[in-house]
Amino acid sequence: MEKWDGNAGTPSAFAVPDWMQIQFADQKQEFNKRPTKIGRRSLSRSISQSSTDSYSSAASYTDSSDDETSPRDKQQKNSKGSSDFCVKNIKQAEFGRREIEIAEQEMPALMALRKRAQGEKPLAGAKIVGCTHITAQTAVLMETLSALGAQCRWAACNIYSTLNEVAAALAESGFPVFAWKGESEDDFWWCIDRCVNVEGWQPNMILDDGGDLTHWIYKKYPNMFKKIKGIVEESVTGVHRLYQLSKAGKLCVPAMNVNDSVTKQKFDNLYCCRESILDGLKRTTDMMFGGKQVVVCGYGEVGKGCCAALKAMGSIVYVTEIDPICALQACMDGFRLVKLNEVIRQVDIVITCTGNKNVVTREHLDRMKNSCIVCNMGHSNTEIDVASLRTPELTWERVRSQVDHVIWPDGKRIVLLAEGRLLNLSCSTVPTFVLSITATTQALALIELYNAPEGRYKQDVYLLPKKMDEYVASLHLPTFDAHLTELTDEQAKYLGLNKNGPFKPNYYRY
């Protein structure tokens, strides 16, 4: 077949017209040109307005209301006349109830636990104060704890992760819930205090995510620990704080480290982040991952999940690590191990997953290329030094909810997601089924600590017994129509195991 010659009009091999010739050097230079100040001044907003604007950060994605009155200033009652709650809009309860019903379908273990233990009421008399992400999955956990006999009061552990409609549904059902999306720092501590400091109600169990609730009680109401039987903590950050208290001799009640339970660490941290990192980045930036250069700081379970997802999408992934064992794992998984300074000028995305502080400093932020996306997948908002960006010479522009442009004087800009807070729960959702595993582990930890005879647990930090981890896993297997093999008597004797488990020693690393 003859081909058109765009230059001569004669049959030949296809020739590219001059105007289509790609000048890579010029193109790259053009692509990296930064917007001029003139073009953006009319659109920019000063630092004082920036990310504190409530119109974009305070509204849930289902809330189209323009009402910006603080929930603290509203007088709201549920249909039973109770006002012992503070949520964005109690009228959203019906929407929240539907979300909770959807979540129940993907949380088989909690529903099975509710069914099996409802008659025994193993948490009868328990007064649980909780501080976690308030999502549909948390609502299923709270309603399970209530069905098992507990009274609950709840606040949010993150100012952006609350689903307003779910909080409304819980408030409508009679739960004292104090949380809304887009709280200020002052609101955050006010909500925690409203959960704890209530006349005629003394908590005897704590369920925490990040350690803020535990910290607040230690700081403001230390005498409450005389009646508290135990603390259940599920995050790396919160567990770290508990071990610090224990080492200093200041931990005055037993605590259960749920984060390092096999069923939390190997499932929630890994599989949840493997799916939700892409979701959070897509919803906020609409970006394509193929060919993008990404640096993931930290190769623990969260980092492993993020790296696996990004690699599968065709991204070029670098990893930073301090631990030589995790570093070697990253290398064996095919990732290039670097120091952040070595790649900071060239990467398109920076993701922190360490649980540490000042992992990405102002110096790093200054050296990033134009339009670099910066986000955090660790629990705490200390990993990225966002405070250093709140200076007069930098301009903040709100792009959409949880997305800010931070613009340097020369026009360079970075894209900061959720102001450095937890990306997946702030900007998207997380897989319900994985949270079922974590929530069931939390429920069993509460039951164990609450019912433990005096003296079983001292004032220290404990892991759940291996048998409980195996029980949580077994409750989820029917979803997959999975059939476990059973040991014969001879096999059990050969391995030195009980036929019903536990099947691994405590030192086994899955």
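Okay, one definition before anything else: I'll call a residue buried when its relative accessible area is under 20%, exposed when that's over 50%, and partly exposed in between. Keep in mind that this is a predicted model.

So, let's start with Glu 397. Buried or exposed? Its relative accessible area is 10%, so Glu 397 is buried. And this side chain has a partner: Glu 397 and Arg 413 form a salt bridge, at 3.5 Å from N to O. Arg 413 sits in strand β14, residues 413-417, while Glu 397 is in strand β12, residues 395-400, so this pair ties together parts 16 residues apart in sequence. Arg 413 counts as buried too, because its relative accessibility is 13%.

Now, where do those strands belong? Both are in an open sheet of eight strands with mixed pairing, and the order runs β9-β8-β7-β10-β11-β14-β13-β12. The edge strands there are β9, at 336-337, and β12, each pairing on one side only. The neighbour of β12 is β13, residues 403-407, and the two pair in the antiparallel sense over five bridges. If you want one to click on, Thr 395 has Ile 407 in β13 as its bridge partner.

There's also a salt-bridge network to look at. Which residues does it link? Arg 390, Arg 398, Asp 404 and Glu 419.

Side chains of opposite charge can pair when their charged atoms come close. Take Arg 97 and Glu 143: their salt bridge has an N to O distance of 2.7 Å. This one links distant parts of the chain, with Arg 97 in helix α4, residues 93-105, and Glu 143 in helix α6, residues 136-147, 46 residues apart. As for accessibility, Arg 97 comes out partly exposed at 22%, whereas Glu 143 is buried at 13%.

How values were computed. Residues are numbered from 1 along each chain as its sequence is written. This is a predicted model: local features need pLDDT of at least 70, side-chain atom pairs count only at pLDDT 80 or more; totals for chains, interfaces and linings use all residues. Side-chain values use heavy atoms; hydrogens and water are left out. A salt bridge is a side-chain nitrogen of Lys or Arg within 4 Å of a carboxyl oxygen of Asp or Glu. Helices (H or I, at least four residues) and strands (E, at least two) are DSSP runs, numbered from the N terminus. Buried means under 20% relative accessible area, exposed over 50%, partly exposed in between (1.4 Å probe, protein chains only). Two strands pair if DSSP finds at least two bridges between them.
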